[in-house]
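Here's a quick briefing to read with the model open beside you. Have a look at the fold, then work through the notes below.

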Amino acid sequence: MPGIRFNASGTLAYRAADPIKASGAAAIRAAARLALDASGRGITTAHLPEQLDTAQGKLTLAVAQWHAVHDRPGLWLRARITLRLSEPDAARAQTFQDAVRQVTLQLRQEQERRDRFTVTVLTKPDAARSWWLERHLDDLNGLEWEAFREKVLPLVGAADDTHTKAERIARLLLYVWEKLGADPGQHARFTATVRTVLEQMGWADAVPWLSAEESAAAAEPVEASVKEGKRDQAVETGAGR
């Protein structure tokens, strides 16, 4: 870990044979220390300070018995090494571990809160509506169902319930009605279109609100539009000549 390191102490024993023996005692000793250092760093750098015992065990297994150094033919070594942390390093390591545990706990608590919220609120539309209402009990005048429909309801897993579908249809009809405005001709054409669709579907009894006068008024612009379209087509094709 950056800023924290293992300290090592112990004994190193080595034996040399040809061809490294010819390099001299100082070179042999340096090669043995470098080989031990490389072996130890390969183990300790893979472990956190809190894994001191694990690193100690692996290092003991790696160097306690006589073994050949793979890149130094003729060199054999063994060592008895004890790893430890200095008091300042141990304190820094403990501070780091405490911080990691605190952040991990916060993240898990937040995840559990989101999971509980999803299960209790965002599973069913009725539960979401109850939650939204409860949040505004102290200020019912500020209860905005439009914001609920736009921001909360789409997140509900089973949002396509009967109540929601009815709301969507109602909003669609309101949108159409606002688009029609106060133009009687627009109202008449729309009414005629609705009656035609319902009659083709076999649902003519579903529009008792549509009077005969409205049907007659609606039929006039539609029929006129059809005749005008036929005249334009005749002129284009030359059929009227």
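Let's start with Lys58, which sits in helix H2 of this predicted model. With a relative accessible area of 45%, Lys58 counts as partly exposed.

**Lys58 and its surroundings**

- Leaving out residues up to four places away in sequence, Lys58 touches Ile43 and His47.
- Gly40 is 18 residues from Lys58 in sequence, and their C-alpha atoms are 9.2 Å apart in space.
- Both Gly40 and Ile43 turn up again on the H1 side of the contact with H2, where Lys58 is one of the H2 residues.

**H1 against H2**

- Helix H1 covers residues 25-44, and its axis lies 9 Å from that of H2 at an angle of about 145 degrees.
- The two helices, H1 and H2, cross in a right-handed sense.
- On the H1 side you'll find Leu36, Ser39, Gly40 and Ile43, while H2 brings Ala55, Lys58, Leu59, Ala62 and Val63.
- Sorted by class, the residues of this H1 and H2 contact come out as 6 nonpolar, 2 polar and 1 charged.

**Gln56, also in H2**

- H2 runs over residues 52-63, and Gln56 is part of it.
- Is Gln56 buried or exposed? Its relative accessible area is 18%, and buried means under 20%, so Gln56 is buried.
- Not counting residues up to four places away in sequence, Gln56 touches Ile81, Thr82 and Leu83.
- Ala8 is 48 residues away from Gln56 along the chain, with 9.8 Å between their C-alpha atoms.

**H4 against H5**

- H4 spans residues 125-135 and H5 spans residues 145-152; their axes come within 11 Å and cross at roughly 135 degrees.
- H4 and H5 are therefore oblique to each other.
- The crossing of H4 past H5 is right-handed.
- H4 puts Ala128, Arg129, Trp131 and Trp132 into the contact, and H5 answers with Trp145, Ala147, Phe148 and Val152.
- By class, the H4 and H5 contact has 7 nonpolar residues, no polar ones and 1 charged.

**Nonpolar cores**

- Which residues make up the largest nonpolar core? It has 10 residues in all: Val121, Leu122, Ala128, Trp132, Leu143, Ala147, Phe148, Val152, Leu153 and Val156.
- At least two residues of this core come from H4, and at least two from H5.
- H5 gives the largest share of this core, at 3 residues.
- Trp132, one of the core residues, is in contact with Leu143, Glu144, Trp145, Ala147, Phe148 and Val152, leaving aside neighbours within four places in sequence.
- Another core lies apart from this one and has 9 residues, among them Ala55, Leu59, Ile81 and Leu83.
- Ala55 and Leu59 from that other core are also among the H2 residues that meet H1.

**The whole protein**

- Along the sequence, the pattern reads β-α-α-β-β-α-α-α-α-α-α.
- Of the 241 residues in the protein, 22% are buried.
- Taking contacts between residues at least 6 apart in sequence, 60% join residues at least 24 apart.

Note on methods:
Residues numbered from 1 in each chain as written. Predicted model: local features only at pLDDT ≥ 70, side-chain atom pairs only at ≥ 80, totals over all residues. Heavy atoms only, no water. Axes fitted to C-alpha atoms, helices over the stretch in contact; angles between N-to-C directions. Helix = DSSP H or I, 4+ residues; strand = E, 2+ residues; numbered from the N terminus. Parallel < 35°, antiparallel > 145°, perpendicular 65-115°, else oblique. Left-handed = near helix turned anticlockwise from the far one by under 90°. Contact = heavy atoms within 4.5 Å. Nonpolar A, V, L, I, M, F, W, Y, C, P; charged D, E, K, R; others polar. Core = buried A, V, L, I, M, F, W, Y, C linked by side-chain atoms within 4.5 Å. Buried < 20%, exposed > 50% of the residue type's maximum accessible area, 1.4 Å probe, protein only.
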